[in-house]
Amino acid sequence: MSRKNLAAVGAVAVVAATCLTACSSSSSDGSSDSSGGGTVTYMTWESNPTNAAFDKTMASFTSTSGVSVKREAAPNADYAQKLASMILSKKAPDFFWCTPAQAQNLAAEGLLYDWSKKLGAGTELKAEDFSPGSLDLWKTPKGALSGIPTLANTYGFFYNADTFKKAGIAVPKIGWTWDDLFSDLKKLKEKDPATMPLVAQWPLLDATEGVSAYSVANGGEPLVDSFVTTTKVSADATIHEGAQRFVDAIAAKQMTNPDYDATNAMAAFSNGKIPLMFGGQWLNQMISPNKPKFDWGYAPWPTGTAKNVQPIETNGVCSPASLKDPDATWKAIAYLETTGFNESMEEVPVAPIAYTPGTEGYYKGLEAQGGAAAASIEATAKYELAATDKFNTSFLDPWAVKETDIEKTSWNPMLLGKKSVDQGIDETVAGIQGLIGK
């Protein structure tokens, strides 16, 4: 799977994908089988332990609200395609897990319910309590709210503190800069020429989105005018500067190249063989059980000379346009945001929540894990979610899947040194601009 296709799936979805069960369907006709207010069905793509936690908390909601909530089994493959079929046949649940890209595309076809009036009322949920920028990913060009953001991913650097200490380098921390990153890579390589200082476990850091973020943080312009609805693509000198720094680091074997197979990266990090690993907070669920025999932690995306620009990526919940009982469904979604995620993520701390009051459970789960590593993950999550300057981690336009071809033929060859930075960027700009409107 290509770097961009992998990123588009959504990190939380990837963590859960191995545990999905077979698909079932039911009508969302609003029929009632409880004394209070009908039945609300929903569907997730989460793991069995996480779904069990959701079942438990939603059962509490059912017992107190009079709204019966039932979780339906999700497709075990081709989630997006099968979900679209369920919506078209009016067999979709009342709300279901979705990515911003899925939401934007389905909403453009008129297939999703618009939640803007419900959120605008400010009763069960308040717009101002969402992490800065998170709602923007779910707003359509026409002003509709295609979904409600839930699980939010952060991106940063897992570090081996012992390796940094031996090299005489301060460990990465909140507020560290792009200059710190590239300087640390050079020093780590000098200290141990046989090591690969930085392993990119997830495709973002040196991708088009990452270099665009580098540019904005250091006083330049973004690669595109909007990652939600792109109309213009351009690359200024700071884009070129950022790309060149990555090209140089890859050539010096200070970081992995875009063809690197990261399958065993987490095990290698856990065994102390990787000084610095780029990825998302969800990797904690795979590192901590290994009980690394060294001090380690998690640091955020670097700041620049002009701005602190942090990544934003959320999954969310959407509802079909044919939704029959918006009031009951909204109550269930609001409960999930304010209480359900607090209870479930405390049990299974996979990710923070874009809705600030609903993310305390995740932090409690990390605190129960204990140790400096968990504390650094909590601090990084709070820091990134609170940042006001954000960049989206992927394109959301319908043509975005075709950008993979541009990556393969222009961007990645540039990172590998097979094309000059100028040529690689110019071809990428022209290629993306050519996709717009198709």
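Me: Which handedness does the crossing have where H9 passes H10?

Reply: Bear in mind that this is a predicted model. The helices in question are H9, residues 208–217, and H10, residues 237–251. Where H9 passes H10, the crossing is right-handed.

Me: How many charged residues does the contact of H9 with H10 have?

Reply: On the H9 side, the contact is made by Val211, Ser212, Tyr214 and Ser215. H10 brings Thr238, Ile239, Glu241, Gly242, Ala243, Arg245 and Phe246. Split by class, that contact has five nonpolar and four polar residues, and the number of charged ones is two.

Me: What about H8 and H10: are they roughly parallel or oblique to each other?

Reply: H8 covers residues 178–191, and its axis comes within 11 Å of the H10 axis. The crossing angle is roughly 15 degrees, and the crossing is left-handed. Angles under 35 degrees count as roughly parallel, so that is the label for H8 and H10: roughly parallel.

Me: Which residues of H10 make the contact with H8?

Reply: H8 puts in Trp178, Asp179 and Phe182. By class, the contact of H8 with H10 has four nonpolar, no polar and two charged residues. The H10 side is made up of Arg245, Phe246 and Ala249.

Me: Moving on to H13 and H14, what is the rough angle between their axes?

Reply: H13 spans residues 326–347 and H14 spans residues 360–369. H13 passes H14 in a right-handed crossing, and the two are therefore roughly parallel to each other. Their axes come within 7 Å and cross at roughly 15 degrees.

Me: How many nonpolar residues are in the contact of H13 with H14?

Reply: From H13, the contact takes Asn342, Met345 and Glu346. From H14 it takes Glu360, Gly361, Tyr362, Lys364 and Gly365. These divide into three polar and three charged residues, while the nonpolar ones number two.

Me: Now the cavity. Which element gives the largest share of the lining of the largest cavity?

Reply: A search of the whole structure turns up one cavity of 30 Å³ or more, with a volume of about 40 Å³. Among its lining residues are Ala152, Asn153, Pro311, Ile312, Glu313 and Thr314. Strand E4 (148–153) and strand E9 (309–318) are the elements that give two or more residues to that lining. The largest share, four residues, comes from E9.

Me: And how many charged residues does that lining have?

Reply: Other lining residues include Ser131, Ser134, Ala354 and Leu385. By class, the lining has five nonpolar and four polar residues, and the charged count is one.

Me: Last topic, the backbone. Where does Asp78 lie?

Reply: Asp78 has a positive phi of about 50 degrees although it is not a glycine. Its place is the loop between strand E2 (68–72) and helix H4 (79–88).

Me: What is phi of Lys291 near?

Reply: Lys291 sits in the loop between helix H12 (284–287) and strand E8 (296–300). Its phi is positive, in a residue other than glycine, and lies near 50 degrees.

Conventions
Residues numbered from 1 in each chain as written. Predicted model: local features only at pLDDT ≥ 70, side-chain atom pairs only at ≥ 80, totals over all residues. Heavy atoms only, no water. 1 Å grid on protein atoms, 1.4 Å probe; cavity = no way out; pocket = protein on both sides within 12 Å on 5 of 7 lines; lining within 4 Å. Points joined across faces, edges and corners; volume = space filled by probe spheres on them. Nonpolar A, V, L, I, M, F, W, Y, C, P; charged D, E, K, R; others polar. Axes fitted to C-alpha atoms, helices over the stretch in contact; angles between N-to-C directions. Left-handed = near helix turned anticlockwise from the far one by under 90°. Contact = heavy atoms within 4.5 Å. Parallel < 35°, antiparallel > 145°, perpendicular 65-115°, else oblique.
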